[in-house]
Amino acid sequence: MELHFRNRYTSKVWVAIMFYSPDGCRDYGQWGTRGWWAIDPGGEAHVLNTNNRYAAFYAEAANGAVWTGPYGPIYVYQTAFDSCLNIGSTAARTVGTRLVDMNGYSRYYVNLTP
């Protein structure tokens with residue numbers, strides 16, 4: 001399954017994800033984290049290929065808007081990162097994420113809207 005994000009918002013948006021990764025993150029919570037994808041208004045980004053129907057995301061816009069939720073929390077960094085759920089750092093901040101259920105779709109789109 002492919003996970004894509006579409007920016008239907010009026011400002012540039014940055015996206016971070018959490019995804020099931022039992023091999024890569026076996027000792028650190030079995031979930032990987034990755035970010036950032038910068039998506040201009042009207043643009044889209046392909047962020048993940050997975051066999052798991054669930055993922056989660058956090059997004060923030062240039063104007064301060066955020067898409068957050070009760071899952072995680074995950075550690076996010078100011079610069080690009082590729083980590084695991086339970087690997088933290090004093091250089092990171094924690095954010096909550098929103099669940100994505102791809103429910104077997106071969107290509108799933110999350111629309112970031114106001």
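Thr-113 lies in the segment that follows strand β10 (107-112), where strands (E, at least two residues) are DSSP runs numbered from the N terminus. The model is predicted, so local features need pLDDT of at least 70 and side-chain atom pairs count only at pLDDT 80 or more, while totals for chains, interfaces and linings use all residues. Residues are numbered from 1 along each chain as its sequence is written, and side-chain values use heavy atoms, with hydrogens and water left out.

**Around Thr-113**

- Thr-113 has a relative accessible area of 37% and is therefore partly exposed; buried means under 20% relative accessible area, exposed over 50%, and partly exposed in between (1.4 Å probe, protein chains only).
- Leaving aside residues up to four places away in sequence, Thr-113 touches Arg-8, Tyr-9 and Trp-67, where contact means heavy atoms within 4.5 Å.
- Although Thr-113 and Arg-6 are 107 residues apart along the chain, their C-alpha atoms are separated by 8.8 Å.
- The charged end of Arg-6 sits over the ring of Tyr-109, 3.8 Å from its centre; this term requires NZ of Lys or CZ of Arg within 6 Å of the ring centre and within 35 degrees of the ring normal.

**Aromatic pairs**

- A search of the whole structure finds 7 aromatic pairs, counted when rings of Phe, Tyr and Trp (its six-membered ring) have centres within 6.5 Å, with planes under 30 degrees apart called stacked, over 60 edge-to-face and the rest tilted.
- Tyr-9 and Trp-67 form an edge-to-face pair, because their ring centres are 5.2 Å apart and their planes stand at 90°.
- This pair links distant parts of the chain, since Tyr-9 is in the loop between β1 (2-7) and β2 (13-20) and Trp-67 is in strand β6 (residues 66-67), 58 residues apart.
- Tyr-9 counts as buried at 14% relative accessibility, and Trp-67 counts as buried at 6%.
- Tyr-20 and Trp-31 also form an edge-to-face pair, with 5.4 Å from centre to centre and 65° between the planes, and the pair connects strand β2 with strand β3 (residues 31-39) across 11 residues.
- Tyr-20, at 32% relative accessibility, counts as partly exposed, and Trp-31, at 23%, counts as partly exposed.
- Ring pairs also link Trp-36, Tyr-58, Tyr-77 and Phe-81 into a cluster.

**The disulfide**

- The whole structure holds 1 disulfide, a term for a pair of cysteine sulfur atoms within 2.5 Å, and it joins Cys-25 to Cys-84 with 2.0 Å from S to S.
- Cys-25 lies in the loop between β2 and β3 and Cys-84 in strand β8 (residues 81-84), so the pair ties together parts 59 residues apart in sequence.
- The link of Cys-25 and Cys-84 is left-handed, with -80° about the S-S bond, and both Cys-25 and Cys-84 are buried.

Notes: Helices (H or I, at least four residues) and strands (E, at least two) are DSSP runs, numbered from the N terminus.
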